[in-house]
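Here is a briefing on one protein model and its ligand. It covers salt bridges, strand pairing and the ligand site.

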Amino acid sequence: MTIEFSFSKKHLEMREGIRGLAKSVIRPQALAWDRAGGIPEDFLRNMARLATSMGSNAMTSGLGDESDGARADLADAGDRKKKLGANLFGVLAAEELSWGDPGLLLCLPGPGLGGPPVRASGTPEQKKRFFSVFKDLHDDAAPLQWGAYGLTEPAAGSDVAGIRATCRKDGKHWVLSGRKCYITNGARAAWTVIFATIDPSLGRAGHRAFVVEKGTPGFSVGRIEDKMGLRASETAELVLEDCRVPEENLLGGEEKYVSKEGFMTAMKTFDNTRPLVGAMALGIGRAAYEYTCEFVKKNYVLSRPVPRYAAIAERLARVGRGLEAARTLTWRAAWLADEGEPNAKEASMSKAMAGQAAIRACIEAVEICGAEGSIAKDHQLLEKWFRDIKVYDIFEGTGQIQRIVISKRLLSDLKAF
Ligand SMILES: Cc1cc2nc3c(=O)[nH]c(=O)nc-3n(C[C@H](O)[C@H](O)[C@H](O)COP(=O)(O)OP(=O)(O)OC[C@H]3O[C@@H](n4cnc5c(N)ncnc54)[C@H](O)[C@@H]3O)c2cc1C
């Protein structure tokens, strides 16, 4: 087993570029976007164009580069991803952008979380058709386009196997009924990958994944959530009422579903996106940690008694090493994905650890900065990071679920000896 990986010059140059952008352009606007509950479309368009000009669409496509419709007909995305190190680029970019503002990353146009299941399970025709929606980024007259991922339901979040949205075949269509909730960009998405079941009693084996296009009769937007954090990002409820979806929109075609493939489609998505979500959490955690270090340098070193400073330094050291350890796990999980190696355990480890390390960083920041840490005022982002961070231990599988996945994998690894 090899554990070595390194970044190419291109990776590092891109990271520097995004870091500069995050500092000079993104962070200064983060609080305003949070208060406005959204980000102006002109800004999103420019950011997405910039991402493409930097040589990869990983930022806007939720990993991988099929958001460029012109290239979507290339059948084997795996080789190209490996060559570009797209997953590693994704985690580097995600940490930097999230350091600037985590909401922005979720708002960027592109297939988003809908991208990985189409990439993993779509037929060549489906990839071409659905990714080509995003190719007009450079045409000012063309509307911005998003994709979305609809798995969660009011009674099925962690318990993915328990989804109740139904699908039944009727001639050349599938008829979908049910509700999906907390769907990032669901209200604005040109299409959403919707998971439904042919029979809830079949569990995972009954799952089917469909690409449901905006405007399909019977497909509508319900409530838009008023969230504690990530307020610039829109989260929507989606309603399916006898929604007739053409059979060509069943992801991968019928043969894909002879076994548990439908469920595996959902899980493959997580193997690629969990390290990315971990990296986003690390961006917020690092932001809070750096803020606290500056605060401590300014307020404690010369003016406060040494024993108290030593206790605070110890807390900072614990936060710093937690972030560093989680970052290494995250990079490794992404690197394994680029190598085409199984990474389900590492992906869960990276997300579980990054979420916790970043939450710890934000809690310590608010506590160490005292009252200053809890005040909402211009250019003071600490209370915003405190609100933003919690969801990173909830979406893409909660911390508890990650730990269950990890322990199952560890125990099955042990059986091999
Ligand atoms: C901002 C935001 C954006 C989101 N975006 C999307 C999206 O784009 N697409 C999408 O499909 N979903 C999305 N979600 C939904 C998200 O993935 C779910 O909220 C998440 O999976 C948890 O499900 P739940 O909220 O139903 O909580 P539950 O599953 O009900 O969990 C509640 C608590 O019980 C614990 N728990 C549950 N089962 C177990 C167990 N077996 N053992 C131990 N503890 C357990 C959980 O860890 C948690 O602490 C989003 C959510 C948020 C908040």
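The side chains of E290 and R286 meet in a salt bridge, 3.1 Å from N to O. A salt bridge here is a side-chain nitrogen of Lys or Arg within 4 Å of a carboxyl oxygen of Asp or Glu. This is a predicted model, in which local features need pLDDT of at least 70, side-chain atom pairs count only at pLDDT 80 or more, and totals for chains, interfaces and linings use all residues. Residues are numbered from 1 along each chain as its sequence is written, and side-chain values use heavy atoms, with hydrogens and water left out.

**The pair in helix α9**

- E290 and R286 both lie in helix α9 (residues 261–299), four residues apart, about one turn of the helix. Helices (H or I, at least four residues) and strands (E, at least two) are DSSP runs, numbered from the N terminus.
- R286 is buried, with a relative accessible area of 9%. E290 is partly exposed, at 32%. Buried means under 20% relative accessible area, exposed over 50%, and partly exposed in between (1.4 Å probe, protein chains only).
- Both residues belong to a network of salt bridges that links R19, E95, E96, R286, E290, E324 and R327.

**Other salt bridges**

- The structure holds 28 salt bridges.
- Side chains of opposite charge can pair when their charged atoms come close.
- R49 and D140 form a salt bridge through their side chains, 2.6 Å from N to O. This pair links distant parts of the chain, 91 residues apart. R49 sits in helix α2 (residues 41–53), and D140 in the loop between α8 (124–131) and β1 (147–150).
- D140 counts as exposed, at 58% relative accessibility.
- D170 and R244 also meet through their side chains in a salt bridge, at 2.8 Å from N to O. D170 lies in strand β2 (residues 166–170) and R244 in strand β7 (residues 235–246), so the pair ties together parts that are 74 residues apart in sequence.
- Both ends of that pair are partly exposed: D170 at 33% relative accessibility, R244 with a relative accessible area of 39%.

**Strand pairing at β7**

- Strand β3 (residues 173–184) runs antiparallel to β7, and nine bridges join them. Two strands pair if DSSP finds at least two bridges between them.
- In that pairing, L176 stands opposite C243 in β7.
- Strand β6 (residues 219–224) is also antiparallel to β7, joined by four bridges. V221 stands opposite L238 in β7.

**Ligand site**

- The ligand is surrounded by 19 residues, and the closest are T152, S158, Y182, T398 and Q400. A residue is near a molecule if one of its heavy atoms lies within 4 Å of it.
- β1, β3 and α14 (399–415) each supply at least two residues of the shell.
- By class, the shell has ten nonpolar, seven polar and two charged residues. Ala, Val, Leu, Ile, Met, Phe, Trp, Tyr, Cys and Pro count as nonpolar, Asp, Glu, Lys and Arg as charged, and the others, Gly among them, as polar.
- A polar backbone atom of Y149 is 2.7 Å from a nitrogen atom of the ligand.
- An N or O atom in the side chain of T152 is 2.7 Å from a nitrogen atom of the ligand.
- A backbone N or O atom of Y182 lies 2.8 Å from a nitrogen atom of the ligand.
- Taken alone, the ligand exposes 970 Å², and the protein buries 65% of that. Accessible areas come from the Shrake-Rupley method with a 1.4 Å probe.

Conventions
A polar contact is a pair of N or O atoms within 3.5 Å; within protein, one must be able to donate a hydrogen and the other to accept it, and residues adjacent in sequence count only if both atoms are side-chain atoms.
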